[in-house]
Amino acid sequence: MPGTILLIDDEPKLRQLLARILILEEYQVLEADTAKSGLRMLERTEVHLVISDVKLPDGNGIDLTAQVKTIQPATEVIVLTAYGTIADGVKAIKNGAFDYITKGDDNDKIIPLVSRAIEKAQLQFRIRRLEEQVQQKYGFEKIIGQSVAIRQAIDLARRVAVTDTTVLLTGETGTGKEVFAQAIHQASPRRTGSFVAVNCSALSKEILESELFGHRAGAFTGATRDKKGLFEEANKGTIFLDEIGEMALDLQAKLLRVLETHEFMRVGDTKPTRTDVRVVAATNRDLKHDAESGVFRADLYYRLSVFSIELPPLRDRRDDIPTLADVLTQQEAAKIGKRQLTLSPAFVDALTRYNWKGNIRELKNVIERAVILSDGQTLVPEYLPLDVQVPATPSPLFTYDLATVEKNHIDQVLRHTNGNKAEAARLLGIGLSTLYRKLEEYRLG
């Protein structure tokens, strides 16, 4: 795919001749006659390749290479000289040049050389854009909230992210521990490595051991071939151990060895495997209490809790609920093809007053349900589960009478399903026969 090339040379005839050759190859060509004017162009335009003469009126192409890499790290540089020396060539490459060639001697290879340099630069630009997209999706900027509690947690996480220190994230279920773990990874020097997550409570001890450390063929029934473990897959990256408090004691001992020696033993193997991985663990349990009572290894607890961050429950950051609810509403609306929705004051008030035992995860589920049930462009309390509805003042849209609330809710669900009673019963979480009985009781169609 053609790219953009910047030619920097103070000899107009030579510069224009090379420009015509490159334009015939369908490259977009920019021209500059000094280092200063070339650098100004780089600050304004994405350039894939700079071809610069060594001798310039205000500098030289060898030193210019380092300046180009500072402005646009993904840009490649080819240095041209009339009289090449080995020393200049070595310095140019050290400064980051793609190649260093002599004018006139290399006319037959300039186009293939340019093609290779452009291809490398375009790949580097794509990688940088992907990294920026990942950062936007998983970085600290995606953590919503301005309350003191969440900003303090984010500040701690930012500080530890740039180190290689093991991190323990604590807090209630649904407070966003994996989101924080991903943000720590993306802000760390390991961001180009893998982020591997595993829930320690979701697997049996035997399966979890094989998943974490891998196994050799024949190690147990069904192990027909060697398998890499997650610690090996996460080499040079980050492994996130969620619900670490549920891990069996003998596996805790093996995890401790990895943290202390950076070595582990595959199931069925006789020699250790080395790994370079950062561990971020999370739990909703009181690990300190578990360690004191012998339920969790004390030595592992102290090793994991070198840097501990407690994530606040949603009830301690109620000021963030309106913003969270609006963002989640627009996300859920987009998923099912609905236009942007607004949240009524009564709807937001109900959300803000509720105690959210399941925290952000519970809020997300309630918002998803409300968006599905919504008929108009505004979310009202009737779309919320009964235990979340907190009326402010009686109105036609809301009533203290439980029977009326139930009747209106069933009516809304039926309208959402276009009269499909089986689907309505599924969404309501009741049997079809129960729904028919309610329809008859409330005299609904």
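This is a predicted model: local features need pLDDT of at least 70, side-chain atom pairs count only at pLDDT 80 or more; totals for chains, interfaces and linings use all residues.

Biologist: Which backbone oxygen lies 2.9 Å from a polar atom of the S344 side chain?

Modeller: That of L379.

Biologist: And where is S344 placed?

Modeller: S344 sits in the loop between β15 (342-343) and α14 (345-353).

Biologist: Is S344 buried or exposed?

Modeller: S344 is buried: its relative accessible area is 11%, and buried means under 20%.

Biologist: Let us change topic. What is the strand order in the open sheet of five strands?

Modeller: The order is β2-β1-β3-β6-β7, and the pairing is parallel. At the edges are β2 (28-32) and β7 (99-102), each of which pairs on one side only. From one strand to the next, the twist averages 20 degrees.

Biologist: How many bridges join β1 to β3?

Modeller: Four bridges connect β1 (residues 4-8) with β3 (residues 49-53), and these two strands run parallel.

Biologist: Which residue in β3 does L6 stand opposite?

Modeller: L6 stands opposite V50.

Biologist: Which strands does helix α3 lie across?

Modeller: Helix α3, residues 61-71, lies across β1, β3, β6 (76-81) and β7.

Biologist: What is its angle to β6?

Modeller: Helix α3 runs at about 170 degrees to β6.

How values were computed:
Residues are numbered from 1 along each chain as its sequence is written. Side-chain values use heavy atoms; hydrogens and water are left out. Two strands pair if DSSP finds at least two bridges between them. Axes are lines fitted to C-alpha atoms, for helices over the stretch in contact, and angles run from 0 to 180 degrees between N-to-C directions. Contact means heavy atoms within 4.5 Å. Buried means under 20% relative accessible area, exposed over 50%, partly exposed in between (1.4 Å probe, protein chains only). A polar contact is a pair of N or O atoms within 3.5 Å; within protein, one must be able to donate a hydrogen and the other to accept it, and residues adjacent in sequence count only if both atoms are side-chain atoms.
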